[in-house]
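Student: I would like a close look at one part of this model, and then at how the rest of the chain is arranged around it. Please keep to what can be read from the atoms.

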Amino acid sequence: ARMHACYEMRRRGFLVITLPQEVVSAVRKVDAIFRRFFAGSNAEKAVYRTPQEGEKVLSHPGYLTPSPGWAELFELRRSKRDPAYRIPPECEAPGLKLFDLLRDLTMRWL
């Protein structure tokens, strides 16, 4: 199975996989949490923005891909420029848990 997956990856440049139920549940949970956050007012989201050096635009902790997203659901960032930078508390733990689940799944394929 792994050799076939590697062949398909080389041939097509991508794989379509079925995620384990634990990961699917985590994706749904994180998707709901992030949608609530990104649906909030700009004033609520601005609390989590940080000024970037020389820029008038404030950086934000990420973005949400329109649903259904094919390549990603959301992007979560951390700022190296601003040590006080944080993401919404309700998003951090579930988002990082999902990242760990997806990373572990990926590492099993490598």
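Student: Which residue has its backbone nitrogen 2.8 Å from a polar atom of the side chain of Glu44?

Tutor: The residue is Ser41, whose backbone nitrogen lies 2.8 Å from a polar atom of the Glu44 side chain. This is a predicted model, in which local features need pLDDT of at least 70 and side-chain atom pairs pLDDT 80 or more, while totals for chains, interfaces and linings use all residues. Residues are numbered from 1 along each chain as its sequence is written, and side-chain values use heavy atoms, without hydrogens or water.

Glu44 sits in helix α3, residues 42-46. Between the C-alpha atoms of Glu44 and Pro88 there are 10.0 Å, although 44 residues separate the two along the chain.

The chain holds four helices and four strands (DSSP runs numbered from the N terminus: H or I of at least four residues for helices, E of at least two for strands). Their order along the sequence is α-α-α-β-β-β-β-α. Of the contacts between residues at least 6 apart in sequence, 58% join residues at least 24 apart (contact: heavy atoms within 4.5 Å). Of the 110 residues, 28% count as buried (under 20% relative accessible area with a 1.4 Å probe, protein chains only; over 50% is exposed, and in between is partly exposed).

In helix α1, residues 2-12, is Glu8, which counts as buried because its relative accessibility is 13%. The side chains of Glu8 and Arg11 are joined by a polar contact of 3.1 Å (N or O atoms within 3.5 Å, one able to donate a hydrogen and the other to accept it within protein; residues adjacent in sequence count only through side-chain atoms). With neighbours within four places in sequence left aside, Glu8 touches Gly13, Phe14 and Leu15.

Helix α2 (residues 21-38) packs with helix α4 (residues 89-109) at about 150°, and their axes are 9 Å apart. The two are therefore roughly antiparallel (an angle over 145 degrees), and their crossing is left-handed (the near helix turned anticlockwise from the far one by less than a right angle). On the α2 side, the contact residues include Val27, Val30, Ile33, Phe34 and Phe37, and on the α4 side Cys91, Pro94, Leu98, Leu101 and Leu102 are among them. By class, the contact of α2 with α4 has 12 nonpolar residues, one polar and three charged.

Ser25 also belongs to α2. At 38% relative accessibility, Ser25 counts as partly exposed.

Technical notes: Axes are lines fitted to C-alpha atoms, for helices over the stretch in contact, and angles run from 0 to 180 degrees between N-to-C directions. Angles under 35 degrees count as roughly parallel, over 145 as roughly antiparallel, 65 to 115 as roughly perpendicular and the rest as oblique. Ala, Val, Leu, Ile, Met, Phe, Trp, Tyr, Cys and Pro count as nonpolar, Asp, Glu, Lys and Arg as charged, and the others, Gly among them, as polar.
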